[in-house]
Amino acid sequence: MKKLKVAIIGQGRSGMNIHGSYFTSDANEFYDVCYVADFDETMLKKAQKLYPGCVTFSDWRQIFDVDVDIVVNASYSEMHYSVTKELLENGKNVLVEKPFGRNRYECDTLMNIAKEKGVILAVFQQTFLAPFFEDAKKKCTNGKIGDIVAINIKYNGFSRRWDWQTLQKKLGGSVYNTGPHPIGMALGFLDFDQRAEVRFSKLDLAMTSGDAEDYAKIILTAPDKPFVDIEISASDAFSDYTIKLQGTRGTFKCTPEKYSIKYMVDSENEERPYIEESIRNENGDPAYCKDNLVTHEESGEYEGNAFGYATAKFYESLYYHVSQGKPLAVTPEIASQVIGVIETVHAQNYIPKKF
């Protein structure tokens, strides 16, 4: 198997800790990191130890002049569009980190340039391939909890941030930074229906040191589909699930590590036709309408997570797309739809810039 030559732009948490962790793992059968670009000389020295023999650049534009199969754009968020645009215009295949862009216009522009230049454009949204999300999608359709009436997604925690991801000028904030994961999953539950719309949104600042939001509530829906309630919060100390599905026969909830499900089977429960009269007990006194359902409960743990496992699956899909033209597991069009939601949410919630 011929390995593809890779260049990485950026050696921050994403470039080194996510992409780098994959490239240096046993799961990587497909790529050789040949070039690394970063403005920080200390990080370039670290890269040379991580990828023996790689060539390092202090200016990412030097990548224009080298032979490389794919460029990983793990630069700062506000640079994703401009850096990717120049790379594509110079004939390079690009994998860009999320967020794909600031708005749909930027995403569409990049997709059009890639098409015109005959090069590949991919967006790193690996959460679609995480075991917990794949399992939740199956639970939506296998009928065990009936028809889905509501979906809740929480990416919550109790923490403070004071880095560049808290600044609007750096395209920071919870919706651009964390949002592509839950918003992408929400659109996935809605089958990426082009009629999906933001029915409600609220952004706020709770525990951040910057001027970009660290609380978001977003409700999405589409015709003939359930609503999806998304919450991204830095001030929730008691969240106990990431995804919850409420159906006509039961409930499923999960975190990236484990799941629980409680459901009923119609044949095991007596049918209850409605009555108009008040319910009374054996003494003739008013009684509460209470049903003792026969239910079943299951629980388990997931093997693999949204980083190691899902990243490996994403890169495997990218390899066969670049080398053999097979379809991408996650397309730029999907990532662009995610940015469309983010664009709408920010348009609905003005937050003044302070820095």
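**Close-up views of a predicted model**

View 1. Val198 stands opposite Leu220 of strand β9. This pair belongs to the contact between β8 and β9, which run antiparallel and are joined by seven bridges. On pairing with strand β10 (residues 227-233), β9 again adopts the antiparallel sense, here over six bridges. Ile218 faces Ile230 in β10. Five residues separate β9 and β10 in a hairpin, and Asp224 in the turn has a positive phi of about 65°. Because six of its seven residues are buried, β9 is largely enclosed by the rest of the structure.

**View 2. The open sheet of six strands.** The strands follow the order β3-β2-β1-β4-β5-β6, with parallel pairing. At the edges are β3 (55-57) and β6, each of which pairs on one side only. From one strand to the next, the twist averages 25°. Within this sheet, three bridges connect β4 (residues 70-73) with β5 (residues 94-97), and Val71 is placed opposite Val94 in β5.

**View 3. Helix α8 across the sheet strands.** Helix α8 (residues 308-324) lies across β1 (4-9), β2 (31-37), β4, β5 and β6. Relative to β6, the helix runs at about 180°.

View 4. The 17 residues of α9 (residues 332-348) should span 24 Å at 1.5 Å a residue, which agrees with end C-alpha atoms 24 Å apart. Buried residues of α9 include Pro332, Ile334, Val338, Ile342 and Val345.

Terms used. Residues are numbered from 1 along each chain as its sequence is written. This is a predicted model: local features need pLDDT of at least 70, side-chain atom pairs count only at pLDDT 80 or more; totals for chains, interfaces and linings use all residues. Side-chain values use heavy atoms; hydrogens and water are left out. Helices (H or I, at least four residues) and strands (E, at least two) are DSSP runs, numbered from the N terminus. The expected span of a helix is 1.5 Å times one less than its number of residues. Buried means under 20% relative accessible area, exposed over 50%, partly exposed in between (1.4 Å probe, protein chains only). Two strands pair if DSSP finds at least two bridges between them. Axes are lines fitted to C-alpha atoms, for helices over the stretch in contact, and angles run from 0 to 180 degrees between N-to-C directions. Contact means heavy atoms within 4.5 Å.
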